[in-house]
Amino acid sequence: MSHHIEITVNGTHQALDVEPRLPLVFALREMLDLTGTHVGCDTTSCGACTVLVDGTPVKSCTMFAVQADGCSVETVEGLAAGGELHPLQKAFWENHGLQCGFCTPGMLMTAKALLARNPRPSEVEIRRGISGNLCRCTGYQNIVKAIQQAAAEQSTAAAAGD
Amino acid sequence: MAIEAPSAPVLGQALKRKEDPRFIQGQGRYLDDIRLTGMLYMSLVRSPYAHARLVKIDKQPALAVPGVLAVITGEDLAGLGLHWMPTLAGDKQMVLATGKVLFQYQEVAAVVAESRAAAYDGAAAVEVEYDALPVLVDAKHALDPGAPLLRDDREQKTNQIWHWESGDSMATAAAMAKAEVTVKQDVYFPRCHASPLETCGCIADMNKATGRLTLYVTSQAPHVYRTVLAMVAKLPEQMIRVVSPDVGGGFGVKVGVYPGYVVAVVASIVTGHPVKWVETRTEHLGSTAFARDYHMNVEIGATKQGRVQALRVHTLADHGAFDSQANPSKWPAGLFNICTGSYDFAAAFVDVDAVYTNKPPGGVSYRCSFRVTEASYLIERAMDVLAAELKMDPADLRRKNFIPPERFPYTTPLGWTYDSGNYPANFEKALGLIGYDDLRREQTERRARGELMGIGISSFTEIVGAGPSAQFDILGLKMFDSAEIRVHPTGKALARFGVRHQGQGHETTFAQIVGSELGLPAADVLVEEGDTDTAPYGLGTYGSRSTPVAGGAAALCARRIREKAKKIAAHLLECGEHDVEWADGKFRVAGAPERAVTMQDCAFAAYTNPPPGLEPGLEATYYYDPPNFTFPFGTYVAVVDIDPGTGEVKVRRFLAVDDCGVVINPMIVDGQIHGGLTEGFAIAFMQEIPYDSEGNCLASNFTEYLVPTAVETPHWETDRTTTPSPHHPIGAKGVGESPNVGSPSAFVNAVVDALSPLGVRHVDMPLTRERIWRVLREHGVVSA
């Protein structure tokens, strides 16, 4: 038995027929071919599957696709608007904030939501803010640096725009 | 034609990584991102018992699940002779169980279905009847007379797998007997697991029409997989293509060939469709290669003044149900006899007894060059135990015993020849940077106030870069590695390697090596790895071997290209070849350096205007057999504070001063250090896979097997000294594993140092809050 849902993904309207038990992450990965969002665990521990649902970071392995009906979902594929890297993407690249890259999309989405909530977070706030996302490669230090850089850049850009 | 001039030397620059643009945009291509037309999904049925007779498997309920197409059991594989497979360690391992199961989560049956969900539903529906057998969990009881015999398939009716020794036992016993001071300590390195964020998985695609098998798989060693598959499945090797796409972390757990891969191949042959199998996290932690599980007993004999003389180590190794560790064939305990470390021992002896237990197989896979982590932890811990016995500062004890710089190359009593080292310089740099003397003064003051502050040092030596072919092979395959470089007419290059990175940055660092050898910008060198159809043969990425072995191949392959290009340069410069010199990234006429041509000029000429008699084109292949290992080293210092009420340890500072020889990309080296230190921190403080008395795995997901978050992870301070390897083509030594190898002892030494006023000499990892609290309670610091 399938349910009809309508969601907006990275600004594009999508109509899907999904089994009620289908996790959102598989709808994104296997029905919409958005494979940037990854699955790393069975227990909502690792955060590799983090996407933004109506602006809030959500572990999409633990949300059913049917629960996202009517919502706006943002994935890593939607970050680089108009082909221009998002300041977070740029900062992760410049600060070696990734190694194998598997946690990176989830980490970027969590960081985006963090900066939306708190545009100039302290190091402690950043570390707390990304503590739902596990990384096995980097030891987080360069991820923290990257988020600090992106925060500074976004604040400067916002100030210039004022 | 106008060609961009070569940039400044590219070796040693912190170039941004070439692989990152795809990863930060969600455009990586990991195994589970691949979907083939008509692809089916496989799920495995696993044993809930650690030791049980298999009575009956009923497939029917699974076959009744909508979407389920096939159920495969061990008996089905037995018909094909595929129910057992050889391991890389010379043992054999069940693919799907027949007769009995030997560990919880062992593979029992496979369900193939049209969808992922149907495969899971089908696996849940298979009915398996077991008859429980007595379980052997504790390796220390494996050789007891009444212990259950686990591997009744073997000729040898014992749970002992092998006994291995190294060194001179008589000389060591004599030196130990004569020593003025001896210390002895039991040290356990717990069973842990690398658990990269991407679990293991594969897609087996057997094309019935062509008879060709393509296996997409999360592999650190794709060529080894191809050869093993050819041997196991009896397929002609040219009819197998192994593709290891982007790998989401490996740390050694993706070196061995797992039963699921073999079953997926069979499933693809049986169904005529591509079959995907991806582990869950629980399957990953419960069945793929664990690490460590070494019960060690160490003795050091020394003079009263603290000069070490003899080292003796007895070890009991828990290998689980099959000896399937991915080790060099002639080295069952890996490179464990590196355990004399950075110190000048006159005599040493090591033995290891490996036993079977009802636990998953594995042994070496957690960012460790074959048991080097156990060895390094052991000697660094033992040196602190000796310092405590002698009432000496552990820094002074180390200073007294370092192998002096003038004695390199230095041969240890256990047979290794260290290539280069300057331990005192590295050590003093670290102690100076952290302010060691001030920290000791602060500690004295705090102790007077009853506070628990500790300083821990590890001054380790590693052995990496397996390995020289005379002694090192896997299943007979010599442990060389390879590079193939093609320089295109426009002066851009494609470089392919037999290794397979999983985040180490080869696409950047190998481009830097090739670029610097050829006078090309790293941006102009495209690096490819992971496809056995295109890459030259190699043994893969693990044991910090990529830079020491494949990095050597990269440099020498590029030099082979340069040799040919020199002939072309002479032709273009209209002079004799002996008049051409390679200087500052160009071929120049000796004595007239302004007359020069670039590598790009030569490349274009190689295809458009080759010298008469010279074969056109500009490409080369190089198989590099390293003459020796490389021996990176370093000094790590941890400073901790322990809450005397809760036992919680706070890592206040951690400094790593590494020496990995010549650095290719300092940004990437620092990143490797950060990551490895975080793993070492996890091992020291929170990671273990324990089993209960029935053999139930008690850490089978990330809520039980802990990975540190950004909150717990300390801030890492890093620095370096540089002692080039004299035999490596560019002087590099490899670095990936040093931080995991060297750091657990620094953490534990710091915690034990903090507890030493209570008379504590040793506490086994993981140093959880509870474990420390119990120590505090035993010593009356906290009341019960």
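Which residue of chain B forms a salt bridge with A:Arg21? It is B:Asp121, and the closest N and O atoms of the pair are 2.7 Å apart. A salt bridge here is a side-chain nitrogen of Lys or Arg within 4 Å of a carboxyl oxygen of Asp or Glu.

A word on the ground rules. This is a predicted model, where local features need pLDDT of at least 70 and side-chain atom pairs count only at pLDDT 80 or more, while totals for chains, interfaces and linings use all residues. Residues are numbered from 1 along each chain as its sequence is written, chains are lettered from A and ligands numbered from 1 in the order in which they are written, and side-chain values use heavy atoms, without hydrogens and water.

Let's start between the chains. Across the interface of chain A and chain B, the rule finds five salt bridges. Chain A brings 47 residues into contact with 55 residues of chain B. Contact means heavy atoms within 4.5 Å. The two chains bury about 4,200 Å² between them, and carbon and sulfur atoms give 55% of that. Buried area is the accessible area (1.4 Å probe) that two parts lose on being put together, summed over both.

Now polar contacts. Chain A and chain B have 24 residue pairs of this kind, both residues at pLDDT 80 or more. The rule asks for a pair of N or O atoms within 3.5 Å; within protein, one must be able to donate a hydrogen and the other to accept it, and residues adjacent in sequence count only if both atoms are side-chain atoms.

Which helix gives the most to the side of chain A that touches chain B? That is α2(A), with four residues. Helices (H or I, at least four residues) and strands (E, at least two) are DSSP runs, numbered from the N terminus.

Next, inside chain A. The domain assignment gives domain 1 (3-78) and domain 2 (81-161). Such bounds come from an automatic or database domain assignment. The centres of the two domains, taken over C-alpha atoms, are separated by 21 Å. Domain 1 puts 18 residues into the contact, and domain 2 puts in 14. About 1,200 Å² is buried between these domains, 61% of it on carbon and sulfur atoms. On the domain 1 side, A:His38, A:Thr50 and A:Val76 supply 36% of the buried area, more than any other three residues.

How many salt bridges are counted between domain 1 and domain 2 of chain A? The count is one. A:Glu74 forms a salt bridge with A:Lys112, with the closest N and O atoms 2.4 Å apart.

On to chain B. Its domain 1 is 20-27 + 481-624, and its domain 3 is 290-466 + 628-778. Their C-alpha centres lie 38 Å apart. In this contact, 21 residues of domain 1 meet 21 residues of domain 3. Here the rule finds zero salt bridges. It does find ten residue pairs in polar contact. On the domain 1 side, α14(B) gives the largest share, eight residues.

Last, the rings. Over all chains, the count comes to 35 aromatic pairs. B:Phe408 and B:Tyr423 have ring centres 5.5 Å apart and planes at 90°, so they are edge-to-face. Rings of Phe, Tyr and Trp (its six-membered ring) pair if their centres lie within 6.5 Å; planes under 30 degrees apart count as stacked, over 60 as edge-to-face and the rest as tilted.
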